[in-house]
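Colleague: I've got a chain open on my screen and I'd like to learn how to read it. Could you walk me through it?

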Amino acid sequence: MFTVLKSSSSTVGENRYMSTQKAISNEVYLRHLTVDEALPKLDKYLDDAFMASLYQVRIIHGKGTGTLRQAVHEQLSKHPLVKSYRLGEYGEGGVGVTIVELAPK
């Protein structure tokens, strides 16, 4: 015989938050997306990373013509959760990657 245990809504919400917290990667892949596709994805990712208490994240935008990189940097420059950002260094992906430091909670 099985017993069904009901949980309160706050416990369910906490479990959902914890699963999001564990599932978030420290990088987001935006290569091959248009600017219109990439920017909403970037915003959502930054919100999720902040909620997961990530300190530093990688934005992989690729090298290409630089259009996506420029749009990402413009977005980061005005995003309230971003403390600082810089291009990747040698071994981090170079100009195809932006390293973002998120503001503390």
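Colleague: Which pattern does the chain follow, read along the sequence?

Modeller: Keep in mind that this is a predicted model. Going along the sequence, you get α-β-α-β-α-β-β. That comes to 3 helices and 4 strands.

Colleague: What share of the 105 residues is buried?

Modeller: Buried here means under 20% relative accessible area. By that cut-off, 32% of the residues in the chain are buried. As for the surface, the chain exposes about 7,200 Å², and carbon and sulfur atoms supply 55% of that.

Colleague: Okay, and how do I read a strand? Take E4: how many of its residues are buried?

Modeller: Start with the general idea: side chains in a regular strand alternate between the two faces of the sheet. Now look at E4, residues 97–102: Val97, Ile99 and Glu101 point one way, while Thr98, Val100 and Leu102 point the other way. The strand is mostly covered, with 6 of its 6 residues buried.

Colleague: Which way does E2 run relative to E4, parallel or antiparallel?

Modeller: Antiparallel, with 5 bridges joining E2 (residues 56–60) to E4. To find your place, look for Ile59, which stands opposite Thr98 in E4.

Colleague: And how many bridges link E3 and E4?

Modeller: E3, residues 82–87, pairs with E4 over 5 bridges, also in the antiparallel sense. Here, Val82 has Leu102 of E4 as its bridge partner.

Notes. Residues are numbered from 1 along each chain as its sequence is written. This is a predicted model: local features need pLDDT of at least 70, side-chain atom pairs count only at pLDDT 80 or more; totals for chains, interfaces and linings use all residues. Side-chain values use heavy atoms; hydrogens and water are left out. Helices (H or I, at least four residues) and strands (E, at least two) are DSSP runs, numbered from the N terminus. Buried means under 20% relative accessible area, exposed over 50%, partly exposed in between (1.4 Å probe, protein chains only). Accessible areas come from the Shrake-Rupley method with a 1.4 Å probe; for residues, only the protein chains shown count as cover. Two strands pair if DSSP finds at least two bridges between them.
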